[in-house]
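Open the model in your viewer and keep a selection panel at hand. The stops below say what to select next and what is there.

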Amino acid sequence: MRTLLRFTGQSAVSLSLSALRPVRLSAVPSLARPRGVLLLPTAVARSPPRAVSFSSAGLAGKRPCEPQRRLVIRIRTPRRPSPPHHQPRGPALVASASGFLLVLAAALAASAYYTLRPVSPRAEALPDSADEAMTAEIAPGRPGNLTPEQEEKLKQLWKYIFQVCGVGQDLSSNAAAADSAATPEAAGDKAQEEDAKKSKKSRMSLFSRSKDKDKGKKDSPSEPEPATPAGAPTIVLDLKDGDADKYGQTKHFYETLASQSPESIRDTIWSMVKHDHPDALVLRFLRARKWDVERALIMLVSTMNWRATEMKVDDDIMRNGEEAALAAEKSSGGDAAAQKLGHDFMAQIRKGISYVHGHDKQGRPLCFVNVRLHRQGEQAEEALERYTVYLIETCRMLLQHPVDTATIVFDMTNFSMANMDYTPVKFMIKCFEANYPECLGTVLVHKAPWIFQGIWKVIRGWLDPVVANKVHFTNNAKEMEAFIPLKHIPKDLDGDEDWTYAYVEPVENENARMRDTATRDRLLAARAELYKEYEAATLEWIRAAPGSEEAERLKAARNDIAEKLRVGYWEVDPYVRARSYYDRIGVLQAGGKLNWYPAEAKQEGKAGSQEDEKKPATEVVSAAPAAVETSPDDVD
């Protein structure tokens, strides 16, 4: 008899059993059973003490760069003399009790294995038969899949964002006036609640307007600088839990409030939304800061300042794009620094050091990095940083809901120390940890040579533990197939993907619509009205009672506006973003549609048209749709 069990549990195994004989625990073959399932024999009989053991590698298979763990269950049976008038139990009863204890021992052992082993995303990977259809499940912590506690955190963060951006101030003042007109008893109760909130540790103080602009230097380093623009909010944070600020974002937060107006911060936040759901963008920062609203606000505002003032992501990198870099490269007699910057930027694209093609088993876009093509010192540091941001932003354009992360594959084939460059690695780490939170799904380091071991120890020390746990090492296509369908693994990595990166140069006037400022301004004005509608609906949603019909109605209204923003973005996109390689070859299509194989689609279309031409005229006519009456009110 065999018993099928599924386990989860603790990692300690220590049992003392009796009436057991040696028995072998056999794992079901990996292709015939789901993960986490053991098939165990249960027939036993009385015997001397023995030990039963099994290897965890036999359960789940070998994993790259993971130690093999071996668990041993020692089952001891103390030899006791039988009492004078001992009557032995029946064999059926002995087998039943002993079998139960043996299964319990095996269950604890398997539980220990699954607790001790590192969790790998391949356990959640989609089966190959379903890799074409992206999973329709919405991951936790995303719009449409929030717990009540997470939804409350989202409301709090939106409230703070609105206060930083000066949104809904009139409504807030009306609410404050209503509170002041309440009964003395209610006012007293509210004062007690406010005192209790102020006494809490690591809580944000109430947002207020700076009244004393000539105030001297602060006693506490955590207080904001007094020199703030007119109308800017003053925010004081009391962060006492000792969390390290790795990238100095708290300082950047205060500097942003001191140097930028609420309106400019608001504009930068909305410019980053693009085709995303606004809640999806805000939730990225909450998840990255483990649902700490204060730190999420600091991170978000710091990121917006980085985008707008330091990197000029939307106003320079994405607006100018490849065409501007090519023009700067070809310019003669002009700025030599700008010419070199354009040349270095285009050199990375032409080489195919990094490119995006296909998706993994979770539907995430695949970004391949050919490390051997990079040589330290060949390109200027600024060009490397601009290209890195450009690639991340372009990859964002390729995300399809509900997927909101990407997978990076570092191809370390023929890697040598000449290819190692710590400076761009540090910048990339900072981008994903500080400025593009929750955008990285998985990192695969493929065919890393032995010399990379020491380098990895250094790099791992720079990584946040959450990011470090996303890194996996693979050595062949079979191991990589646990994450990526074989059909999307390139042939040079022993996969079946017969596709080669070949850069297509920018075409003259491909960005002609960007010169149509009248249409651009009209579309942006319509989009700005949607921003206001979303903000108004969000303010009402914040005030609505959780779980009420009104709250559900407002959530639906916000989702409708978010969908309008998504559709509207792709209308304005050609007027604000320069065309990329992926637009040029037809991967990224109108309306944000995605096709990894546009050339094949064109060939199929041509073949279909040729077949239609070969058909008799009567057949073609019969296939034509029936005429439909139209009226002047119809819109084409």
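A crossing of two helices is called left-handed if the near helix is turned anticlockwise from the far one by less than a right angle, and right-handed if clockwise. The model is a predicted one, in which local features need pLDDT of at least 70, side-chain atom pairs count only at pLDDT 80 or more, and totals for chains, interfaces and linings use all residues. Residues are numbered from 1 along each chain as its sequence is written, and side-chain values use heavy atoms, with hydrogens and water left out.

Select residues 517-543 and 549-576. These are helices H17 and H18; helices (H or I, at least four residues) and strands (E, at least two) are DSSP runs, numbered from the N terminus. H17 passes H18 in a left-handed crossing. Their axes come within 9 Å and cross at roughly 160°; axes are lines fitted to C-alpha atoms, for helices over the stretch in contact, with angles from 0 to 180 degrees between N-to-C directions. That makes H17 roughly antiparallel to H18 (under 35 degrees is roughly parallel, over 145 roughly antiparallel, 65 to 115 roughly perpendicular, the rest oblique). The contact of H17 with H18 comprises 16 nonpolar, three polar and ten charged residues. Here Ala, Val, Leu, Ile, Met, Phe, Trp, Tyr, Cys and Pro count as nonpolar, Asp, Glu, Lys and Arg as charged, and the others, Gly among them, as polar.

Next, select 148-165 and 278-288, helices H3 and H8. Their axes come within 10 Å and cross at roughly 100°, so H3 is roughly perpendicular to H8. Lys153, Leu154, Leu157, Trp158 and Ile161 of H3 make the contact with Pro278, Asp279, Val282, Leu283 and Leu286 of H8 (contact means heavy atoms within 4.5 Å). By class, eight residues of this contact are nonpolar, none polar and two charged.

Move to Leu399, in the loop between H12 and strand E9 (406-411). Is Leu399 buried or exposed? Its relative accessibility is 13%, so Leu399 counts as buried (buried is under 20% relative accessible area, exposed over 50%, partly exposed in between; 1.4 Å probe, protein chains only). Leaving out residues up to four places away in sequence, Leu399 touches His275, Arg284, Pro365, Asp404 and Thr405.

Finish at Val389 and Phe452, which have the most contacts inside the largest nonpolar core, of 70 residues. Such a core is a set of buried Ala, Val, Leu, Ile, Met, Phe, Trp, Tyr and Cys residues joined through side-chain atoms within 4.5 Å. Helix H12 (residues 381-397) supplies its largest share, seven residues.
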